[in-house]
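I opened a new notebook page for this structure. The entries below keep the order in which I looked things up.

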Amino acid sequence: MLRRQVKEILTDKDNVRKISMDPDVLTFLERGDFPLILTTCIFRWLDKHITHQGSEYSTVPYRTGKDQDIPAVDGRLIEPTIFHLFGYVGQDRNVVVTENDFLRYLHCIQDTNTRPERLKKYLENKYILSLGCEIPDWTFH
């Protein structure tokens, strides 16, 4: 029931029009031209509002227990990607809504059978710039 209510709120056209981002942050993301953006946001607002060198970002929702990973080969990103770390509303039931969901996702990100291996390899020797959400180092090491 809670998932359905969250989905209704986040897919209602009147509510979607009210969603915004600080213009300075949006400008920073646009000008930064980041090849990979990790987001904990559970709806697809960012995907629709920024581009990478004039092209749309590929969108990947992480889904626990599924082979959802970034498009990369040998630790190199194939296309600019927005990776929804906690899934997003509308993809399926694999989205963080409750604390139990959050704990399940944290477990799956660490589990060698369910973690996104290409994402882990891509981030191994990179720094994470975190805006508005602290992602601890142990998440991808």
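Ground rules. I worked from a predicted model, in which local features need pLDDT of at least 70 and side-chain atom pairs count only at pLDDT 80 or more, while totals for chains, interfaces and linings use all residues. I number residues from 1 along each chain as its sequence is written, and side-chain values use heavy atoms, with hydrogens and water left out.

Entry: helix α5. I took helices (H or I, at least four residues) and strands (E, at least two) as DSSP runs, numbered from the N terminus. Helix α5 covers residues 99-110, twelve residues. The expected span is 1.5 Å times one less than the number of residues.

I then sorted residues by relative accessible area: buried is under 20%, exposed over 50%, and partly exposed in between (1.4 Å probe, protein chains only). In α5, D101, Y105, C108 and I109 are buried. Seen down the axis of α5, the buried residues fall within an arc of 100°, so they line one face of the helix. The arc is taken from the directions from the helix axis to the C-beta atoms. E99, N100, L103 and H107 are exposed on the other side of α5. The cover over the buried residues of α5 includes α1 (2-11), where contact means heavy atoms within 4.5 Å.

Entry: aromatic rings. I counted Phe, Tyr and Trp rings (for Trp, the six-membered ring) as a pair if their centres lie within 6.5 Å; planes under 30 degrees apart are stacked, over 60 edge-to-face, and the rest tilted. The whole structure holds five aromatic pairs. F28 and F34 have ring centres 5.4 Å apart and planes at 50°, so this pair is tilted. F28 is partly exposed at 37%, and F34 is partly exposed at 25%.

Y62 and F83 also form a tilted pair, 6.2 Å centre to centre with 35° between the planes. This pair links distant parts of the chain, 21 residues apart: Y62 is in the loop between β4 (58-61) and β5 (72-73), and F83 is in strand β7 (residues 81-84). Y62 is buried at 0%, and F83 is buried at 0%. One aromatic cluster is formed by Y62, F83, F86, F102 and Y105.

Entry: charge over a ring. The test is NZ of Lys or CZ of Arg within 6 Å of the ring centre and within 35 degrees of the ring normal. K126 lies over the face of Y122, 4.1 Å from the ring centre.

Entry: C133. I found C133 in the segment after α6 (117-123). C133 is partly exposed, at 30% relative accessibility.
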